[in-house]
Amino acid sequence: MVTRLQRYRQMADVLVKYGFGILVEEVIPGGKRLKALRRPPEVELSVYERIHLAIEELGPTYVKFGQIMSTRRELFPPELIEELQKLQDHVSPVPFVEIRPEIMRYCPNLEECFDIIEAEPVAAASLSQVHRAVTRDGRVVALKVQRPGIRDLIETDLQILQSLVPRMESVFPDLRVYNLRGMLDEFSAQIRRELDFTQDGLNAERLKRNLSDVPCVKIPAIYWQISGPYLLAMEFVEGVRIDDVDALRRRGLFPQEIAEIGFSAYVQQIFVDGFFHGDPHPGNLLVTDRGEIIFLDFGLVGVLRPEKRRAFVDLLLAMTQMDVSGMIAAFRRLDVEINPKILDALKDDLYVVLLDYRETKIEQVNFATTIQNLTDALRRYHIRVPSTLMLMMKVIVMVLDIGTRLDPSFNFEQQIRPYLTEIAAQQRLSSDNVTGAVRSLVSATENLLAIPGNVNETLKTLSEGTVTIELENRDLIAIVGVIDRTSDKIIIGLVIAAIVVGSSLILRVADLPIPGYVSILATVGYVFAVILGFYAVYDAIRHTRALRK
């Protein structure tokens with residue numbers, strides 16, 4: 001077992017090798033004591049290519065972390081996403097002598113369980129490797145065996161990352177916008193689930209049930225008698241990679257039909273079932289000689305509750321209809337937080353994205369590019385998107401990529417629109433919606449029927465005693481002051497009006513003899529009214545300025 005100190009040393013060596021010595025010096029404990037940290041990288045590549053190589057050399061934990069981060073298009077630059085998508089598990093297989101004890105956890109006497117177990121694995125990855133075997137009853141199975149010691153290594157790496165993330169955010173404050181702690185928590189939960197092969201098998205069986213009515217789709221059967229957290233025994237299946245167009249044609253298959261089968265299978269998973277295969281790279285999708293698509297590797301799956309599925313359907317419909325306001329509404333229902341201060345600017349950017357998609361020929365841009373432009377807009381405004389939504393968008397992009405390899409004329413909008421229209425109609429009349437409407441109606445009826453009782457209870461309380469009304473004193477003095485000033489102004493206005501009216505009546509009475517001093521008094525009244533009016537206006541302006549301050 002590798003200790004934390006040894007692992008720190010390994011990490012420091014890799015980071016320095018690829019020109020990231022500053023991370024060792026500033027983040028890794030004791031890093032400043034190491035020498036030659038700031039030397040140039042040993043390879044002359046771009047910073048993103050060096051990140052890619054460093055992650056692969058750091059091992060399975062970091063490769064898995066990088067692969068999951070490759071779905072976060074709204075956070076990272078496109079150049080980095082492109083490099084993270086290239087991450088592969090470059091590992092040598094573990095000798096069978098070390099694998100044998102892991103199989104014997106579930107079958108202590110191998111000869112009683114198997115006629116044959118091939119020592120040479122048919123596939124090897126960072127977490128596991130697969131061996132072909134034949135059971136005593138003649139079934140050909142694939143044994144997915146967890147690599148010895150991998151759990152301890154991953155737990156050590158997770159502990160190290162948990163200690164490094166706060167230091168990184170302290171040294172590089174700009175990283176806080178990425179919420180590294182939240183991302184690490186999500187990743188830790190995800191990779192621990194992937195290490196439990198029992199969950200892998202349960203995911204496979206759920207997909208098998210969900211897709212049972214979809215033609216030409218195959219999910220391998222799971223043999224639970226010889227399966228557990230460290231070993232998964234499943235039906236051994238063979239086929240060619242789904243993106244090997246020449247091999248498909250040699251078998252008499254039509255790539256366009258394969259594209260439609262795969263697309264409809266993922267539409268069913270995402271929009272109908274809300275439970276979808278989360279890693280559709282071509283190595284996990286095989287095609288049999290009969291044209292069936294085989295799904296493999298069920299460690300990474302996505303889950304969408306019904307209300308999120310409805311919101312995502314509305315989002316895609318809004319995109320195909322050039323409805324930016326509809327997109328914003330759907331984003332909010334998908335728990336995407338949008339600052340009102342940037343809403344107008346974001347709407348403008350989204351509208352430009354949709355214009356580019358609508359006005360550009362399909363040969364020059366496709367829907368995958370539109371999704372890329374959409375996530376670029378979200379990244380510019382530092383808008384965080386739930387990881388499940390980003391995983392779903394990544395899956396759609398990968399499926400579209402496979403679809404266009406199989407059929408260069410594959411058009412996402414033409415393919416998806418009939419599905420979306422039908423699904424939207426079904427969802428509005430779904431049992432969940434009907435049940436929710438009935439529940440709301442029952443609740444409203446109960447509240448309505450409760451009104452007479454509540455009124456009677458209130459009247460009873462009033463008749464039996466006193467009712468105490470509590471007033472909050474906050475700002476009460478200020479309100480009283482405003483009322484006083486207002487009443488003063490009203491009185492001044494009435495006095496001014498009375499003086500003006502009285503003086504006018506005196507001066508207008510021309511037929512009666514009026515002493516000279518009376519005319520003088522009327523004139524003085526006018527002057528006094530004007531002065532009082534100016535004072536009232538000045539006082540009003542002064543109080544208005546005071547309130548604004």
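1. Ile116 stands opposite Val134 in β3. The structure discussed here is a predicted model. The pair belongs to the contact between strand β1, residues 114–117, and β3, which run antiparallel and are joined over three bridges.

2. Strand β3 covers residues 128–135, and seven of its eight residues are buried, so the rest of the structure largely encloses this strand.

3. On to β4. Strand β4, residues 140–146, is antiparallel to β3, and seven bridges join the two. Within this pairing His131 lies opposite Leu143 of β4. β3 and β4 make a hairpin as well, with four residues between them, and in its turn Gly138 has a positive phi of about 90°.

4. Four strands make up an open sheet of mixed pairing, ordered β5-β10-β9-β7. Its edges are β5 and β7 (240–241), each of which pairs on one side only. The pairing of β5 with β10, residues 293–295, is parallel and consists of two bridges. Lys218 is set opposite Ile294 of β10 in that pairing.

5. Helix α12 packs on this sheet, where it touches β5, β9 (285–287) and β10. The direction of α12 makes about 40° with that of β10.

6. How do the axes of α12 and α17 cross, and within what distance do they come? Helix α12 spans residues 255–273 and helix α17 residues 387–406; their axes come within 8 Å and cross at roughly 165°. The cut-off for roughly antiparallel is an angle over 145 degrees, and α12 and α17 are therefore roughly antiparallel to each other. The crossing of α12 past α17 is left-handed.

7. From α12, the contact with α17 is made by Pro255, Gln256, Ile258, Ala259, Phe263, Tyr266 and Ile270. From α17, the contributors are Met392, Val395, Ile396, Val399, Leu400, Gly403 and Leu406. By class, the contact of α12 with α17 has twelve nonpolar residues, two polar and no charged. Gly is counted among the polar residues in this scheme.

8. Cys216 is not a glycine, yet its phi is positive, about 65°. Cys216 sits in the loop between α10 (197–210) and β5 (217–218). With a relative accessible area of 33%, Cys216 is partly exposed.

9. Met322 is the other residue in this pair of points: its phi is near 60°, a positive value in a residue other than glycine. Met322 is placed in the loop between α13 (306–320) and α14 (324–333). Is Met322 buried, exposed or partly exposed? Its relative accessibility is 22%, so Met322 counts as partly exposed.

Key: Residues numbered from 1 in each chain as written. Predicted model: local features only at pLDDT ≥ 70, side-chain atom pairs only at ≥ 80, totals over all residues. Heavy atoms only, no water. Buried < 20%, exposed > 50% of the residue type's maximum accessible area, 1.4 Å probe, protein only. Axes fitted to C-alpha atoms, helices over the stretch in contact; angles between N-to-C directions. Parallel < 35°, antiparallel > 145°, perpendicular 65-115°, else oblique. Left-handed = near helix turned anticlockwise from the far one by under 90°. Contact = heavy atoms within 4.5 Å. Pairing = 2+ DSSP bridges.
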